[in-house]
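Trainee: I would like to learn how to read a few features of a model. Where do we start?

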Amino acid sequence: ALASMLSECQGTALPVEVVAGHLAESEVVAVGQLSMEALLDLGERLLAAMVKQLSMTLARVTQSWAVVRAMIQRCPELILQSILAHPRITVLGVLVVAGATVWYLTRRCVALVTEDPKLWRSLVARLAPPPVEPVDGGIPDGFTCPISQQVMVDPVITPSGISYDRTAITAWIALRGTEPSTQEPLAEAQLIPNRSLQDAIQKWRSTRQPAVEHAVSDASPLDERNS
């Protein structure tokens, strides 16, 4: 699936203008500086913009990005080679082509949810770490993120004492600048890692058998209430 998507990137009009609009003009990355870490950073920075531009729920886009992030971590060389081989890289610049490629891959994953549900579920099961689990599957209280409605991977706590998964809450803050549950102003710098909760979730996961296929949430209650 990844090889096919990367092949499309070479012959498809990547969203370079959209991506360029979200990057500082002074940002320049040389060919030798492009790395897996740089791609992951680009994806996190563009996540909020992707939610707006793709007109999809935060839950769906963040889950699609989780799959793309896993692709980058597992096959960094393949993705980097595809970016560097893009025919317009000398004109557009490394950073723009890299960001546009990450954007395109995420958009394709979002589309797979409805275009090819079987392939999407397979990608989630194989790539999205850790496995996404249904909310009603006997999960202990406090283990699911109020935004994504999925078991948290990297829980962080806000000043009000509410925990969210880091990817979901940082994207939410970038979009709205508030805490979802209280609507109080919130900045990313105010988030504190919830290590005890993360340890409890990891211990709980180790006692469960991972499912082969997992439910895909179209929208969380917070998405619907605040969209």
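Mentor: Start with R176, which sits over the face of W172, 4.0 Å from the ring centre. The criterion is NZ of Lys or CZ of Arg within 6 Å of the ring centre and within 35 degrees of the ring normal. This is a predicted model: local features need pLDDT of at least 70, side-chain atom pairs count only at pLDDT 80 or more, and totals for chains, interfaces and linings use all residues. Residues are numbered from 1 along each chain as its sequence is written, and side-chain values use heavy atoms, with hydrogens and water left out.

Trainee: How many aromatic pairs does the structure hold?

Mentor: A pair of aromatic rings is described by the distance of the centres and the angle of the planes. Rings of Phe, Tyr and Trp (its six-membered ring) pair if their centres lie within 6.5 Å; planes under 30 degrees apart are stacked, over 60 edge-to-face, the rest tilted. The structure holds one such pair. The ring centres of F143 and W204 are 5.7 Å apart and the planes stand at 80 degrees, so the pair is edge-to-face.

Trainee: Are F143 and W204 buried or exposed?

Mentor: Both F143 and W204 are buried (under 20% relative accessible area with a 1.4 Å probe, protein chains only; exposed is over 50%, partly exposed in between).

Trainee: How many residues of α4 are buried?

Mentor: Helices (H or I, at least four residues) are DSSP runs, numbered from the N terminus. In α4, 14 of the 17 residues are buried.

Note on methods: Helices (H or I, at least four residues) and strands (E, at least two) are DSSP runs, numbered from the N terminus.
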